[in-house]
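These are my notebook entries on one structure, kept in the order in which I looked things up.

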Amino acid sequence: MKIATYNVNSINARLDNLLDWLQKENPDIVLLQEIKTEFNSFPFFELQTTGYNAKILGQKSYNGVAILSRHKIVVTEENLPNFVDEQARYLEADIKVNGVEYRVASIYLPNGNPPYNDPDDDSRYIYKLNWQTALYKRASELLGLGKPVILGGDFNVILTDNDVYDPKEYKNNALFRQEVKQRLWALQYLGYYDAFRSLHATKSGYTFWDYAGGALANDLGMRIDYLFMSPMAVDMLKFCEVDKNPRLASKPSDHTVLKAELK
C-alpha cells in the first residue's frame, strides 16, 4: 500500500503538477492540505480521469483538506470531534486496500504565528495549542479501533534542531516553540511513530522550502510534513522518503511530497 501526504498550496493552481505526479507514482492514498477551494471548484473530474476518487473538506481561498484514493473512501469525521472549528483542517476516513482497512486522516495544523501587523496578538498561537490538544484526544481514541491508523499532513511543527536549516532563526517562531513541540512529541509517547524518522535517524528530510531567497537551491528548508503511524501500521512500514520532484517541477507548491509504502 502506497500512501503520501502533500501540502499542495492551492490544488487548482498546482493541478497539472499533481496529476503528473499521480500518473508517475500511482499511490493508493494521497492526503492533501491547503487545497484552498470549496466543493464546487474542486477538480473532481480531472482526478477521476486519472483514476482517483476524492473526498474534501473545503474552504474558500484558505486551508482545506482532501483525501484521494484509487479505492473507496468512507468519511468518518469532518473536523476534529468535539472541537468547534470554522477552518477546514481535518478530514478522516476508512479506506480498504488489498483486504486491509486503514483509518487515515489528512491534517493541516494551524501555523500559530501572529499577524504581521500585530505581533502581540497571541490568539492564533492559543488556537494552535488548543487544536493540538483536540488532535491528541482524537489520536488516542483512534488507537482503540483495532486497525492501522495513519495521521498525515502539514503539522506546522519543527520537532528538533535537525529538522530546520537554522534553528536559531526559528527560536521564537510558533513552529518551533517548546509547547508546540511537546504536544507533537506527546503523539509519539501515546504510541504513534514518525514514519520518516523510524527509518532515517539523521537525514534532514526537509519537506518545505520558501519561494524566496534561493531557499530551494541552497536547501534552506524545514521538515514540517509528517506521516504518523500507529503500531499496527508502522509494523508494515517498508519505505518512507521525501519526493522532491513536485517541488522541482513547474508551478510548484512550497512543500513537497512525503511518501511511504507498507507491506
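How many cavities of 30 Å³ or more does the structure hold? I found one cavity of 30 Å³ or more. The model I am reading is predicted, and local features need pLDDT of at least 70, side-chain atom pairs count only at pLDDT 80 or more, while totals for chains, interfaces and linings use all residues. Residues are numbered from 1 along each chain as its sequence is written, and side-chain values use heavy atoms, with hydrogens and water left out.

**Entry 1: the cavity**

I noted first that rolling a probe the size of a water molecule over the atoms shows where empty space is left. On a 1 Å grid over the protein atoms alone, a cavity is a set of points where a 1.4 Å probe fits but cannot get out, and a pocket is an open set with protein on both sides within 12 Å along at least five of seven lines; lining residues have an atom within 4 Å of a point. Grid points are joined across faces, edges and corners, and a volume is the space filled by probe spheres set on the points.

The largest cavity has a volume of about 40 Å³. I listed its lining as Leu109, Gln132, Leu135, Tyr136, Arg183, Leu184 and Leu187. H3 and H4 are the elements that give two or more residues to this lining; helices (H or I, at least four residues) and strands (E, at least two) are DSSP runs, numbered from the N terminus. By class the lining of the largest cavity has five nonpolar, one polar and one charged residues, where Ala, Val, Leu, Ile, Met, Phe, Trp, Tyr, Cys and Pro count as nonpolar, Asp, Glu, Lys and Arg as charged, and the others, Gly among them, as polar.

**Entry 2: the two helices**

I then looked up how H3 and helix H4 (residues 178-190) pack, and found an angle of about 5° with their axes 10 Å apart; axes are lines fitted to C-alpha atoms, for helices over the stretch in contact, and angles run from 0 to 180 degrees between N-to-C directions. H3 is therefore roughly parallel to H4, a label for angles under 35 degrees, while over 145 counts as roughly antiparallel, 65 to 115 as roughly perpendicular and the rest as oblique. Among the residues that make the contact are Gln132, Leu135 and Tyr136 of H3 and Arg183, Leu184 and Leu187 of H4, contact meaning heavy atoms within 4.5 Å. The contact of H3 with H4 has ten nonpolar, three polar and three charged residues.

**Entry 3: the pocket**

The largest pocket has a volume of about 970 Å³. I counted 36 lining residues, of which Tyr108, Asn111, Asn113, Tyr116 and Asn156 lie nearest the centre of the pocket. Helix H3 (123-142), strand S10 (208-209) and strand S11 (221-222) each supply at least two residues of this lining, which divides into 17 nonpolar, twelve polar and seven charged residues.

**Entry 4: buried residues**

Tyr206 sits in the loop between helix H5 (195-199) and S10 and is buried, with a relative accessible area of 10%. Tyr206 and Ile224 are 18 residues apart in sequence, yet 7.5 Å apart in space, C-alpha to C-alpha.

**Entry 5: positive phi**

Most residues other than glycine have a negative phi. I therefore noted Asn98, which has a positive phi of about 50° although it is not a glycine; Asn98 is exposed, with a relative accessible area of 70%. Lys251 has a phi near 50° and lies in the loop between helix H7 (245-248) and strand S14 (257-262), where Lys251 counts as exposed at 62% relative accessibility.

Definitions and conventions:
Buried < 20%, exposed > 50% of the residue type's maximum accessible area, 1.4 Å probe, protein only.
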